[in-house]
Amino acid sequence: MYLDRTAPNRTHSFARRYLHYKDDWYILDSDKDFFLVYYRGSNDAWDGYGGAFLYTREPTVPPALVPRLEAAAKRANLNFDDFVRTDNTCPTLDPKDIPQLRERYAKKELILTEDALAQQVTAVRGNAVSAISSEEKEAVKAISKLEKLAENDVRQLEKVLEKEAIVIEKEVIVIEKEVEKDVGSLFKKQPERN
């Protein structure tokens, strides 16, 4: 939002991201007790929206101010009689109505709380499912990694065992030859002794 330097009663507001909009705001008239504001704008969904509002220090529009407001509105091609007048007074309540009003308020508050709780539960469930899914994926990765490590260990153990088997076979052959030699010498004919 920025102030229009050529017209001190005018500001501009615009957005560059998401919903693109441009608003022009005009202070049609003001003093220490009121502001009459008019705005026009356009956005991605609606071109030419606008409206006006009056801020006063009083709960209702002071009748003495109406001619000044009508003139200010007319300068902006607005009809002040088209403005919807709101009653901002705070009427006193009948004490008999207070329990019913409190009950209505409590029901609305309960509904809001219930809706908020339902949203939180849904969010927690979604987060839990996401966390479990993430942990499950991590577990699958860890198991896969462990399986590969185990396969590598088995291959290395097989190589070691194959080498040891070859060494043992060679030792067995050497032992067999020694046994054959020893046993063979037992069965050789000995020279006769007289």
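This is a predicted model: local features need pLDDT of at least 70, side-chain atom pairs count only at pLDDT 80 or more; totals for chains, interfaces and linings use all residues.
Local features need pLDDT of at least 70 and side-chain atom pairs count only at pLDDT 80 or more, while totals for chains, interfaces and linings use all residues. Residues are numbered from 1 along each chain as its sequence is written, and side-chain values use heavy atoms, with hydrogens and water left out.

Side chains of opposite charge can pair when their charged atoms come close. The structure holds eight salt bridges, a salt bridge being a side-chain nitrogen of Lys or Arg within 4 Å of a carboxyl oxygen of Asp or Glu.

One of these joins Arg68 and Asp29, at 2.8 Å from N to O. Arg68 lies in helix H1 (residues 66-75) and Asp29 in strand E3 (residues 21-31), so the pair ties together parts that are 39 residues apart in sequence. Helices (H or I, at least four residues) and strands (E, at least two) are DSSP runs, numbered from the N terminus. Asp29 is buried, at 15% relative accessibility, whereas Arg68 is partly exposed, at 36%. Here buried means under 20% relative accessible area, exposed over 50%, and partly exposed in between (1.4 Å probe, protein chains only). A network of salt bridges links Asp29 and Arg68 with Asp31.

Two further pairs lie in helix H2 (residues 98-187). Glu103 and Lys107 form a salt bridge at 3.5 Å, N to O; they are four residues apart, which separates them by about one helical turn. Glu103 is partly exposed at 46% relative accessibility, and Lys107 is exposed at 51%.

Glu151 and Arg155 meet at 3.8 Å, N to O, and are likewise four residues apart in helix H2, about one helical turn. Glu151 is partly exposed, at 45% relative accessibility, as is Arg155, at 42%.
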